[in-house]
Amino acid sequence: MISGYVDLDNATRKVWFRPQDVLTSPVYDGAASAPGGKMGASFAHRSSTLSQHFISPGMPRMDRQVRTLSDEDLADALSWMRGDGLVRPQWYLDQPRRQPLVLEGHVNGRLASIILRPGVRAIDDERGVLDRVLPIGVRGTELAVVTDASEHFRAAYERKRNATLVGLACAMGRSELAYQYMREMRRRGYTFGAMFAKDALDIRITPDGRHLELAVANNAGFLAFEPAPEDRPTRLEVGPPPTGRYSAAEEAAHRRNRVGRPPYPRPGTERRGPLPRGRDLLPRARTALLEFHPTSSRRPVEPPAEEHELQTIPEEAAEPESALDRAREERPQLDGGIDGAAIRAKIKELVSDPDVDERVDLAFSDENLAKKFQQGVEGLHIEDLGEGRGRGPRVVLDLVELSEPNAALPGTGDVTTSGSRAQVLHDTSSSRAKVGTDSFSFRVPAVFVLVGGRVSGAAHQRDSGARSKAQRTSKVEITETGVPATNARHQARYRISVLRPGLRSKDAGDDVLVDLGLKWPNRRELALEGGPRMGNPESIEHVEFSGTGGIYRAVQDKLGKDFRPNDEAEQDFRTVLDRLGDEGEDLLSGRTLRKTFDFGGKPVDVLLSVAEVKPRRVTTSAAKVTRTEAVTGEVSTSEAITYKRGGGAEVGGGDVSGLTGLAIGPHGEQARTTKHSGSSAASHEHETAETYEGPLDRHLADLVFLVDVARDGVPSGSPTKVEATAASRLEPRTAARHGWSSSATTDQDPTDQDHEQPVVPESARRAPDRVDATFQLPAATVDALVGPVLHELAVRGHVQPRELPRVAQRMRRFVREHARAIARGDGARFPLSAQYGAAPDVFFHGTMHLDRATASADARGGTIGGKLGSAHERATAKNEGRHTSAGIMGIGYSDIFWPASRG
């Protein structure tokens, strides 16, 4: 039995059904030399002319793709009939004159829509057997199970085992649906490549009935998956963007030439699900086919919805939240830990290496499973059991399913959230040594006697060193005490994947069920008129992102290969994702996060930005917020001088005349050493801490991460979209002043709140000198400082245009972190020349007009404290040593030269 969702009585319900009970139809190959062969399966349950045509007489040749502009669909593009608008699709270029494998159906955003065969009913969790047939929404994993259970698809696969799978469904390649589908198909042994539309998919049959023309709206193209190699049949790899899209230059040229009305009428087309043209939105409304005759030129209209048809679902209820989705968003705490005995046993079985059993017990102990529970929710609980870079095995623990709460009981709990960021401002050191104290040696040879000696202390050794370092750290900690919570038991399905690097080894995987308890916080939800609203991100205290696992896999797909075990760059990347909330203000402000990692020894830039932010709900609770910022520095010097005194002698006798070249005799040496050393270190620390206690709002919003990689500074140009959520924490009054929906209530008029309040001149004059003073530059001020500098650097050619985003990110952060030095007039130097040799350093200076100071409207309620500390340490030392040696020595010559006279 597998599960899905239905829309029943204005509510979304979970139902259960058997995969073999799903209604499927064969898609016949009408272009084959021997008609009647199957080339795919159709799950389309709404009547349409083309769906019937695919069954009889069959699918015409799928060899035509029409290119669209970013605001066009198939009918728009055909009405302009551009000379370069008709191209061969990628599957036809890969396998000329061969039909692809076809999967036809309806997609509802992140759910595929199917229907059961007549006479079969689904089972509702609450009502038992349903009394009527309803469309069922399923995820990609369940769609793959249904596909594998279809006799029509299996027959087509046997006939076209090496063909590319083409999904005739709207926007299946824009969400996780395609990835879920392909991962499950790989697990079931299907190795074909696949292509899925990334926007609305329109199709039509040419008037002669011999060809099928299709187009992806808005120049979005297809998401392509590479065929799995024979040695790794479960490998899932995203390939390069297929052909069939206009380049930016081509689109710009066509837009300039698109003047007036189209020269041809819009032909009739059929859409695999309606999407707003010209808008970049995930499809969440119901999908419907347009009724028309394939050769008709009239514009199609949408048929009325039938009784059994899946009705339009509001956006917030388009896909019901599973317990796993809620765990990503709400971050519940474990109640009682995790019993990981079954997980460890299964890992040992899959690894099949007794030498690493002890490491398995340590890496996946109950304590580590509880500590990394949230990483497992994101599919990022990764442990490398091998030693050395590139050596496996690697074990990935992914929580793929979480049952609904069972035995739920009310209670309370404490919730702690924290984030930190540390930056080394500079760390430089130098050292040198002058003149050695090695002994001066001499020898006086004779015919049968060799006399030698050593003299120590001819010179003294001097050593010196200096080091300077400074570091800035910031930390925020949010503590919610006594939050109402629901304590519930769950059954969690963990998927274990064992990856072994190498050509001859294969991957392994299996699922394990584990019982665990969770504490779900029940914060008070605000009833906001007009819905939640988001404002200026500057007022955010802290952000928690979900979807980091999707970012990780998107980067891996972009690189085209799996990350190597024990790769330090990959570990740094996971650390960045784990602390992505520290970058929340920049990301939600529209800035692009750019980080460089040496994956496989080659530098790669990972680009991350946020789009399509949609607020969902606002909750509030009592909390304590502590924000701490500290700057520490140390300057140290050291110096040492070593004296060495003494000497030694040696006498040897033997035949050194050239016959044997050997001498032997006694030797002795005595030396004394004295080392005088001294060091001094001066350190300083400045720490400020702000504490707020009171109500704290939590804004939950849906968003999309745009993930891309850049090699040699050049992005791929086709970022991957990853659906995620952001939970922003804000102090209510500050949030209200910055345009957010807020739980704050006040008797003051809003205009009075924003009115500038004068302060006592004496207080303003002393404020910058206080130990607990904090300096913050608004985003507008930062942009006013950084913008002209970047423009000047670009105009003068000091920085290449492709490097400007990287410089802008670093410079903005530098200005914010040096707000105190800039505002007080001390100045701050941005070392641009250290990154780009031909570029100058940039100096920032400011002047504070204290006579015009006003009370800041953004001042958080609570307490502010600070401390200033300095220390100086000086140390001296004297070390003495004595060395004595005596013994028998022997000397041999390999080449003897003695002056001699002739005669």
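In this predicted model, asparagine 218 is placed in the loop that lies between strand β16 (211-216) and strand β17 (222-225). The phi angle of asparagine 218 is near 60°, which is a positive value in a residue other than glycine. Because its relative accessibility is 11%, and buried means under 20%, asparagine 218 counts as buried. A positive phi, near 50°, is also found for arginine 331, again a residue other than glycine, and arginine 331 is located in the loop between helix α8 (323-330) and strand β19 (333-338). With a relative accessible area of 29%, however, arginine 331 is partly exposed.

Strand β5 (residues 61-66) runs antiparallel to β6 and is joined to it by two bridges, and valine 66 stands opposite leucine 86 of β6.

Among the helices, α4 (residues 140-149) packs against α6 (residues 176-187) at an angle of about 45°, the two axes being 7 Å apart. This angle makes α4 oblique to α6, and the crossing of the two helices is right-handed. On the side of α4, the contact involves Gly140, Thr141, Leu143, Ala144, Val145 and Thr147, which meet Leu177, Gln180, Tyr181, Glu184 and Met185 of α6. The residues of this contact between α4 and α6 comprise six nonpolar, four polar and one charged.

Technical notes:
Residues numbered from 1 in each chain as written. Predicted model: local features only at pLDDT ≥ 70, side-chain atom pairs only at ≥ 80, totals over all residues. Heavy atoms only, no water. Pairing = 2+ DSSP bridges. Helix = DSSP H or I, 4+ residues; strand = E, 2+ residues; numbered from the N terminus. Axes fitted to C-alpha atoms, helices over the stretch in contact; angles between N-to-C directions. Parallel < 35°, antiparallel > 145°, perpendicular 65-115°, else oblique. Left-handed = near helix turned anticlockwise from the far one by under 90°. Contact = heavy atoms within 4.5 Å. Nonpolar A, V, L, I, M, F, W, Y, C, P; charged D, E, K, R; others polar. Buried < 20%, exposed > 50% of the residue type's maximum accessible area, 1.4 Å probe, protein only.
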